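I am opening a notebook on this structure. The entries below follow the order in which I looked things up.

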Amino acid sequence: MSLFQEIRWHGRGGQGAWTASELLAKAAILEGKHVQSFPEFGPERMGAPLAAYTRISNKPINLHCSIYHPNLAVVLDPTLLKTVSVATGLTEDGILVINSEESPMKLKRKLCVKSQKVWTVPATDIAIQILNVPITNTAMLGAATRAASLVRLESIERVVRERFRSELAERNIAVIEKAYKEARESGAEG
Amino acid sequence: MTTIKQNTLALNGDEAVALAVKQSDVDVVAAYPITPQTIIVEKFSEYIADGEVETEFVCTESEHSALSACLTASATGARTFTASASAGLALMHEILYVTSGCRAPIVMAIANRALSAPINIHCDHSDSMAERDSGWIQIYVENSQEAYDSIIQAFRIAEHPDVLLPVMVCLDAFFLSHTLENVKTLPNEAVQEFIGDRQIPLVLGHEGEKVPFKLDPKNPITIGPLALYDYYFEHKRQQEEAMREALRIIRQVHNEFAETSGRKYGNGLIETYHLEDAEIATVCVGSTAGTIKTVVDQLREQGVKAGILRLRTLRPLPFSDIKKALEGVKALAVMDRSNSFGGHGGPVFHEIRHVLYGTHSTPFVVNYIFGLGGRDMPQNAILGIYRDLQAILKTERVVEDVRFAGVRE
């Protein structure tokens, strides 16, 4: 089966969008895939809107250019919805996963998204509950894993354990699992 | 083919370079930080702090000093590495010539970044193209894997007694330096066995006796002294000879590495992709070649005879390989990620048209300056270039031979 997926992560400087894109890429490598993960290249400024990208394929990836038509877009910070056009270029069968307490149906209407599926998860709440900080990258990784089934949850958990200290790793894994469970889908109808 | 077990790691281009340097048993690293080369030296500093290498690390106050420190370390017989980019490389300019003139086999990674002004941290090839004539071998890589592989090869090439020249391994800023990709890595022992110890050739000493070509109190010699119109020219003539030898040694080392690793990049000097029967083709250096290959795949599916030639080494220029590879191409676009202001085209264009002069059926040749300051070169822009080539073939006419792709006019 041919697999070629392009993912765009929307976050603000300091929220860990690039880390999320790397964790996903590393999880895909564990499953034998070819990957790329790269930031939207620019000086990093805390709080400024930024994007990061992941490519996953079952063949070697030759492309060395940006991503214009992602299959999946993940929004780490709900305040970005007001300033960044997060659905731009999303493929017709693409998926949008948003950190939001609102219902996915409501957001779908608000963003004028037609054919694409919208998922939401209260990632900030989950992160504050478990990590005591509003850093939502791992929560959104969990929700995105549920929404798009790009990699298995256990592969994500393995790379999280490699990346973080033991106690922090376990708390992030708790975040990932909770977000995975709590993510809600708008359904294909619009 | 190889039977060595390799590890697949997720590394960006800078990390891949750092790992290759670590495995290459380097004696001295002297460097000064500059984006986007920073991760290389940061990562290497971690190896030192963690006791994973015994390398002497010299934190210098400028790039001029970094390369000077490398030069003197190399003159004592030490295996030496540094990394730089953009303004840092420009500040090394003077010492680049001293290094090649002293025949110091230093390896340097360049994370190709634009030159100021305006200040820009992103990718183009202005920095290394400006040092084209400094007597350094220049290898341009397409992906993080090739960055890893080329650093390992570079030590063997630089230190080969028939070459003894410094080598730049150039990787595109951010598109490679900060892009994490699958990188297959060899075990430490395999890399060390492949490179071996630095070979020191014998030269004539002050008394006419044969002594190792290195600074050593036991066998005092002078390296880099004054030579005026009496001997300067002969030194420069020898550097040219070493570059010619390098054409052979780069291929040889590349082929040996292919035996060890199972990985090849064309013949080590150039890489062709669907070029054999191509009517329209591009010539490119660096990571954009990968995007072009993807576009060539799409064009081939539509029955378009499109191909690409990627130059892996710009210095030495693989003159006859390029000439042979481009035989039969009817329309050619040369891609330049830097410009020679007022020079009627970019540096790669000049090289390629130079190669094509006097060939039997010279193709139509156009130049595209693209991607300056990191501007992205997406697939549709490349597709547009191949469409332009088709139009040239159809009309048999080139209206404008130097063009700018993806710029506001």
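Which residue in β7(B) does Ala109(B) stand opposite? I found that Ala109(B) faces Val169(B) there.

I note that this is a predicted model, in which local features need pLDDT of at least 70 and side-chain atom pairs count only at pLDDT 80 or more, while totals for chains, interfaces and linings use all residues. Residues are numbered from 1 along each chain as its sequence is written, chains are lettered from A and ligands numbered from 1 in the order in which they are written, and side-chain values use heavy atoms, with hydrogens and water left out.

I looked up the pair next: β5 (residues 107-112) and β7 (residues 167-172) of chain B run parallel over six bridges. Strands pair if DSSP finds at least two bridges between them; strands (E, at least two residues) and helices (H or I, at least four) are DSSP runs, numbered from the N terminus.

I then checked helix α7 (residues 144-159) of chain B, which packs on the sheet and touches β4, β5, β6 (137-140) and β7 of chain B. Contact means heavy atoms within 4.5 Å. The direction of α7(B) makes about 170° with that of β7(B). Angles run from 0 to 180 degrees between N-to-C directions, and axes are lines fitted to C-alpha atoms, for helices over the stretch in contact.

I traced the sheet: seven strands of chain B form an open sheet of mixed pairing, in the order β3-β2-β4-β5-β7-β6-β14. β3 (56-59) and β14 (313-315) of chain B each have a single partner strand, so one side of each lacks a neighbour in the sheet.
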